[in-house]
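I opened the model to look up contacts between side chains. These are my notes, in the order in which I made them.

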Amino acid sequence: MRLWVKRLLLVIGVLLVIGVSSIPIANYFLEKKITEQLLVLPNHIEIQFEDLDADIFSNHVELNDVTITVLGQVTNDTNLQVNLKSIRLDDVNFRKLLFDKDIDMDHIELKKPEIIYYHNKVVEKEAYFKQDSVGIVQSISVKTVSFKEGTFTMFDKASDSLMMSLKQFDLQLNNVRNQVYKRYNTPISFDDYKFSAKHIFMNVGDYENFQAEDLYTNSHSAILKEVAFKTKYSKKQLSQIIREERDHTTLGIDSIVIKQLDIAFKNDSVFSFSSGETNVFNPSYVSYRDKTVRDSYREKSLYSKMLRDLDFYLTLDTINIFNGEVVYEERVNEEKIPGSISFAAFNANIKNFSNTYSEGEQLTVIDIDTKFMGEASLHVNWGFDVTDDQDAFLLKGQLGLLHVNRVNEFLMPNLKIQLSGVMKETYFTIDADKNRSSIDLKSNFDQLKAVVFQKKNRKTNKLLTPLANIFMKKDSEGGLDKYSEAVRDGIQRDKTKSVFNYIWLNIKSGLLHLKN
């Protein structure tokens with residue numbers, strides 16, 4: 001072998017040895033520099049980690065066993081603590097990171113983040129969003145940021161009570177930039193997202209909790225499974241706690257599918273939620289009211305006013321409810337079993353459920369088909385204009401064959417009355433506003449009778465029973481196919497009662513004044 005070839009190979013070998021041996025040295029200085037940068041943080045942010053591994057050859061950084069603590073700038077108490085198994089940065093531009101203070105990379109992965117957040121009601125909302133990024137970074141550009149196998153817990157700072165928890169969640173943000181995103185009112189921008197969570201819990205007030213077994217959502221849709229909204233106390237406990245009557249609520253839903261989802265902040269601050277189609281599958285709703293508790297005399301709003309007064313924008317173009325069940329229970333005395341009414345096979349189609357339309361632009365329409373007391377088919381069509389400050393609505397209903405003894409399970413415990421007979425078919429139209437209403441009711445019925453019982457036992461009240469049957473029409477006159485009719489005007493609304501009480505006042509007035 002010629003001498004110059006040997007010398008060339010020697011030089012190449014020496015360079016290779018120097019190059020290979022310099023990689024650990026370069027990695028050491030790189031890790032040292034990154035550690036120094038991490039220490040240049042605002043006073044209210046602390047970061048600790050077990051070890052840091054940086055590789056200048058593969059352009060990746062990994063921190064293991066990381067703890068991040070954020071203190072309140074107002075209170076100096078811990079606001080946020082995040083424990084992570086690891087943080088991994090891939091395809092990092094080290095020159096930009098170390099010399100320009102820019103974050104430019106392909107991927108950030110946060111593995112098993114355990115996030116604990118302490119909410120302080122005393123601190124002004126704006127204080128949570130104060131930014132102090134001087135000396136940290138100038139710009140951020142990351143193709144993908146992912147949180148994997150995370151948990152989230154939020155406590156109320158004052159009471160240390162649980163406000164919200166996610167037992168497991170995954171989040172992916174694409175094309176992340178440190179630009180204020182007005183759409184979501186966040187300090188960073190991103191093109192789209194994917195989020196999933198399991199075992200979701202939210203404390204939604206003094207009396208109720210919200211839970212869901214699974215949640216999946218992205219920029220355009222959402223699915224919730226095994227949803228529950230219910231009172232956190234038993235019926236007896238609630239009656240002992242409250243000062244005035246309040247419904248004990250149990251709502252369970254198999255799943256909710258939201259399509260064409262759009263979540264945003266309008267005018268920089270007002271939250272907006274809209275959906276082209278929302279499907280609710282197999283909801284079961286049970287509402288119990290203890291009437292032995294003192295009445296609430298606060299004015300109740302009709303649905304149009306409730307929508308109109310929301311402090312955020314809501315637009316649900318179509319809501320479909322499939323195979324639901326609704327039960328209302330009421331206890332008016334010391335009877336152990338409350339009276340109840342039920343609606344089975346409850347299906348509904350709701351159009352234009354929104355508070356964003358201009359005056360007269362759209363009519364909210366609720367169309368319901370159900371089985372009343374497990375027997376009578378009931379169809380209801382209900383329409384109103386959310387923008388109408390008189391809260392006018394038109395409600396039309398058609399009730400099929402009903403053996404009236406079906407309602408005795410509600411009447412007997414509450415009113416000490418039992419009915420018998422058949423209502424073959426009943427039609428009603430209620431035209432109402434927030435103050436008064438009118439009803440046109442027609443019914444074909446046969447052999448209606450009433451038995452009134454004494455309040456303290458099941459013995460017949462021999463005085464009131466004959467009187468009740470005097471005022472009750474036994475049959476719709478004129479033959480089996482004829483209808484009795486009642487038209488009543490000027491029915492006054494009790495504004496301290498719900499909209500369903502308002503509807504019942506109309507139907508009761510119609511039934512009591514049926515004539516040919």
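Entry 1, Lys235. I started with Glu329 and Lys235, whose side chains form a salt bridge with an N to O distance of 2.9 Å. The model is a predicted one, and I read every value below with that in mind. I then looked up where the two partners lie: Glu329 is in strand E15 (residues 313-331) and Lys235 in helix H3 (residues 235-241), so by position this pair links distant parts of the chain, 94 residues apart. Glu329 counts as buried, because its relative accessibility is 16% and the cut-off for buried is under 20%. Lys235, at 35%, counts as partly exposed. I also found the charged end of Lys235 over the ring of Tyr288, 4.8 Å from the ring centre.

My search of the whole structure gave 18 salt bridges. One of them joins the side chains of Asp191 and Arg177, at 3.3 Å from N to O. Arg177 belongs to strand E7 (162-177), while Asp191 sits in the loop between that strand and strand E8 (192-203), so the pair ties together parts 14 residues apart in sequence. Both count as partly exposed: Asp191 has a relative accessibility of 45%, and Arg177 has 25%.

I noted Lys305 with Asp309 as well, their closest N and O atoms being 2.6 Å apart. Lys305 is partly exposed at 29%, and Asp309 is partly exposed at 46%. Salt bridges with shared partners also join Glu245, Asp247, Arg289, Lys291 and Asp295 into one network.

In one of them, the ring centres of Tyr303 and Phe500 are 6.2 Å apart and the planes stand at 75 degrees, so I logged the pair as edge-to-face. Tyr303 is in helix H4 (residues 303-308) and Phe500 in helix H7 (residues 499-512), so this pair ties together parts 197 residues apart in sequence. Tyr303 is partly exposed at 27%, as is Phe500 at 48%.

Phe393 and Tyr502 are also edge-to-face, because their planes are at 85 degrees, with the ring centres 6.1 Å apart. Phe393 is in strand E19 (residues 393-399) and Tyr502 in helix H7, 109 residues apart. Which side are they on, buried or exposed? Phe393 counts as buried at 6%, and Tyr502 counts as buried at 1%. I wrote down the cluster that ring pairs make of Tyr303, Trp382, Phe393, Phe500 and Tyr502.

Lys157 lies over the face of Tyr118, 4.9 Å from the ring centre.

Conventions: Residues are numbered from 1 along each chain as its sequence is written. This is a predicted model: local features need pLDDT of at least 70, side-chain atom pairs count only at pLDDT 80 or more; totals for chains, interfaces and linings use all residues. Side-chain values use heavy atoms; hydrogens and water are left out. Rings of Phe, Tyr and Trp (its six-membered ring) pair if their centres lie within 6.5 Å; planes under 30 degrees apart count as stacked, over 60 as edge-to-face and the rest as tilted. Helices (H or I, at least four residues) and strands (E, at least two) are DSSP runs, numbered from the N terminus. Buried means under 20% relative accessible area, exposed over 50%, partly exposed in between (1.4 Å probe, protein chains only). A charge sits over a ring if NZ of Lys or CZ of Arg is within 6 Å of the ring centre and within 35 degrees of the ring normal. A salt bridge is a side-chain nitrogen of Lys or Arg within 4 Å of a carboxyl oxygen of Asp or Glu.
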